[in-house]
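The sequence and the structure are shown here.

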Amino acid sequence: MNDTMTLSQRADALEEKMARELDYIVIKSRLYSMAEGDMSPAPNAGALMKNNPNARVLMGDDPRLPAMPEKPTLMDFFKYRFGPCMHLLQSARHAVNADLPEKMVLACLLHDISTIGFIRGDHGYWGAQLVEPYVDEEVTWAIRAHQVLRFYPDDSVGYDYPQSYITSFGQEYRPDPYIEEDYKRMRNHKWYMSGRQITVHDIYSFDPNVHVELEEFTDIIGRNFRQPERGLGFDNSPVAHMWRAMIRPAKYL
Ligand SMILES: [Fe+2]
Ligand SMILES: [Fe+2]
């Protein structure tokens, strides 16, 4: 491919190449294009199909991704959709070692599922929403709160503003006003310490030399995550479509 092509031209060329070679055409959601800084019009299925009239846009499973069971469980999402999750497993083990209640171990295990499986920005809010129908209310609250509380120190538990944030965001960075407002609300909430506990076990959980297996938490998940019988994505819950978006992230409609 030519080096002078813009990112979006490259993406289009790649999509065209795929359409010629494969019997399916991938058309990405607008959110993915914007995340590439690409404001060009949405790809036109009709135009792409002219290059390969036998190809169809994806409406079923995506052959590039691992197949998922018909009734996927939380463990299945960890295995087949979420990226590397050692940080979550380490933080859940820290919570076990600190004798936190099982539901807080689960909160630590799930606190960043949006980062590893869905959307990064506001990951605490998205992650909390994803699990809300299936966990104790306090777990949802704590997951939502952790991303806000991460920006604010608390001497009482020895939590400092993360050095990694100074490195990544710069010395001058200040959280957005809605985060500040949420912090004030969360600071006075009865479950403040639960959100805070996630931040405490968050920070020690980036050790490249510690390996933890997901299966260590099978029983805790079993007792504290209400796995829907029909599978995540197919249980008619208010968030089922969000799980389906992870099963088939490039579904055309
Ligand atoms: Fe987080
Ligand atoms: Fe984290």
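A residue is called buried under 20% relative accessible area, exposed over 50%, and partly exposed in between (1.4 Å probe, protein chains only). Helices (H or I, at least four residues) are DSSP runs, numbered from the N terminus. The model is predicted, so local features need pLDDT of at least 70 and side-chain atom pairs count only at pLDDT 80 or more, while totals for chains, interfaces and linings use all residues. Residues are numbered from 1 along each chain, chains are lettered from A and ligands numbered from 1 as written, and side-chain values use heavy atoms, without hydrogens and water.

Helix α6 is mostly covered, with 7 of its 9 residues buried. Among them are Met104, Val105 and Cys108.

Three residues hold the iron ion (ligand 1) at 2.1 to 2.2 Å; donors are N, O and S atoms within 2.8 Å of the metal (3.2 Å for Na, K and Ca), and sites may look incomplete because water is not among the atoms. Their sequence spacing is D-x10-H-x22-H. Asp112 is in the loop between α6 (102-110) and α7 (113-117) and His146 is in helix α9 (residues 137-149), so the pair ties together parts 34 residues apart in sequence. Asp112 also coordinates the iron ion (ligand 2), which is 3.6 Å from the iron ion (ligand 1).

| Donor residue | Relative accessible area |

Elsewhere, Leu31 belongs to helix α2 (residues 30-35).

Note on methods
Helix = DSSP H or I, 4+ residues; strand = E, 2+ residues; numbered from the N terminus.
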